[in-house]
Amino acid sequence: MLSLLGFGTCAAEANDSIAEIALGGLVLRQSDQISLDSEDLFISQDEVRVDYRFTNHSGEDIEALVAFPLPDQDFSDELSNLQDLRKQLKFRSVVEGKTVEYDVVTQALIAGMDVTVSLARFGLAPETPYNNEAFESAVSQLTPEELADATTQRLLENVGSDEQPYYRPMWKIRTTVTRTQLFPAGKTISVRHSYKPIVGASVAGGLDAKFRNEDWSQKHAQSFCIEESWFEALDRAIKKRSTKELPSPYYERWVGYVLSSGANWKGPIAKFRLVVDKGKPENLVSFCGTDVRKISSTQFEMKKEDFEPLKDLRVLIVEWIDPAEGAQ
């Protein structure tokens, strides 16, 4: 199956969470004084925006570092296709109607452990592979002993041969938007984040019936809670639209959202609303949720009270290929 992924994991925004800078990187911590009264989340391929209302229940002002983590990113083999994540996101943060500044913290992780400091010893930064030439240049300057050490530490992997080595990065990159936020004593404040998501994608029929008994396909379906009736609708549409030249006439689009960090506030989210927009009426969409209702030709809504987010959200959108254009 041909993959058009820029990253191994789809990128998206995430819930605010109280954070602290700890040894080894940025660590989220739980707040027992500030509640998340409401969260109104909108997700589409073109925009993700989320409106919050927070209340400080203590008798004192609280100034805290607030973190907004993005899903971890893998590097594809086509490193030159990757661009600067920060520029693509066009992230905007508004507090009480005023745009606020924010910082971006970037970490490198392997098996969940921060290896940013280890990379620095080899002249590498977490984001180095965003630029293929810079990555190759940095690796070429390593001595044989350093290369052996970096390979032993599983920072790099030689996917070539001993005679013609070719190294690839083995770490994931974690990007977190942070800012210092004042929560006034006994008061409620409103916060809005918006950004342009980096959408994962694939083409060439990964959802076709012939793949559904494969392990990857089953896990893929589970991650989006795809039901049999959804597959039946997909099959009907494929039969109607397929041609000899284009037997699987669709793209998959994936949008992710780190929802579980919203559980780090005092108590559950009092009022939670999610709206997913699939873009075009003929598109198909699937995501994990309960009591979801259709509110327009392209939008689906889920409302919850006293909501405790335990898992992150993934949205699958199937978009049909125009036969005149073909697969791009």
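Modeller: Ten residues line the largest cavity, and Phe68, Val177, Thr178, Arg179 and His193 are the ones nearest its centre. This is a predicted model, in which local features need pLDDT of at least 70 and side-chain atom pairs count only at pLDDT 80 or more, while totals for chains, interfaces and linings use all residues. Residues are numbered from 1 along each chain as its sequence is written, and side-chain values use heavy atoms, with hydrogens and water left out.

A cavity here is a set of points, on a 1 Å grid over the protein atoms alone, where a 1.4 Å probe fits but cannot get out. Lining residues have an atom within 4 Å of such a point. Grid points are joined across faces, edges and corners, and a volume is the space filled by probe spheres set on the points. By this rule there is one cavity of 30 Å³ or more. The largest cavity holds about 40 Å³ of space.

Two elements, β5 (62-69) and β12 (172-183), each give two or more residues to that lining. β12 gives the most, with three residues. Strands (E, at least two residues) and helices (H or I, at least four) are DSSP runs, numbered from the N terminus. By class, the lining has five nonpolar, three polar and two charged residues. Nonpolar means Ala, Val, Leu, Ile, Met, Phe, Trp, Tyr, Cys and Pro; charged means Asp, Glu, Lys and Arg; the others, Gly among them, are polar.

Now the surroundings. The protein chain has six helices and 20 strands. Of its 328 residues, 46% are buried. Buried means under 20% relative accessible area, exposed over 50%, and partly exposed in between (1.4 Å probe, protein chains only). Contact means heavy atoms within 4.5 Å. Among contacts with a separation of 6 or more, 77% come from residues 24 or more positions apart.

Two strands pair if DSSP finds at least two bridges between them. β6 (92-95) and β7 run antiparallel and are joined by two bridges. Val94 has Thr99 of β7 as its bridge partner.

Next, a helix. In α5 (215-223), Ser217, His220 and Ala221 are buried. Seen down the axis of α5, the buried residues fall within an arc of 95°, so they line one face; the arc is that of the directions from the helix axis to the C-beta atoms. Those buried residues pack against α6 (228-241) and β15 (250-257). Lys219 and Gln222, on the other side of α5, are exposed.

Follow the chain out of α5. Cys225 lies in the loop between α5 and α6. Cys225 has a positive phi of about 55° although it is not a glycine. It is partly exposed, at 34% relative accessibility. Arg154 also has a positive phi, of about 65°, and is not a glycine either. Arg154 sits in the loop between α4 (144-152) and β10 (156-158). Its relative accessible area is 41%, partly exposed.

Val258 is found between β15 and β16 (269-277). Val258 is buried, with a relative accessible area of 12%. Its C-alpha atom is separated by 6.4 Å from that of Leu313, 55 residues apart along the chain.

Technical notes. On a 1 Å grid over the protein atoms alone, a cavity is a set of points where a 1.4 Å probe fits but cannot get out, and a pocket is an open set with protein on both sides within 12 Å along at least five of seven lines; lining residues have an atom within 4 Å of a point.
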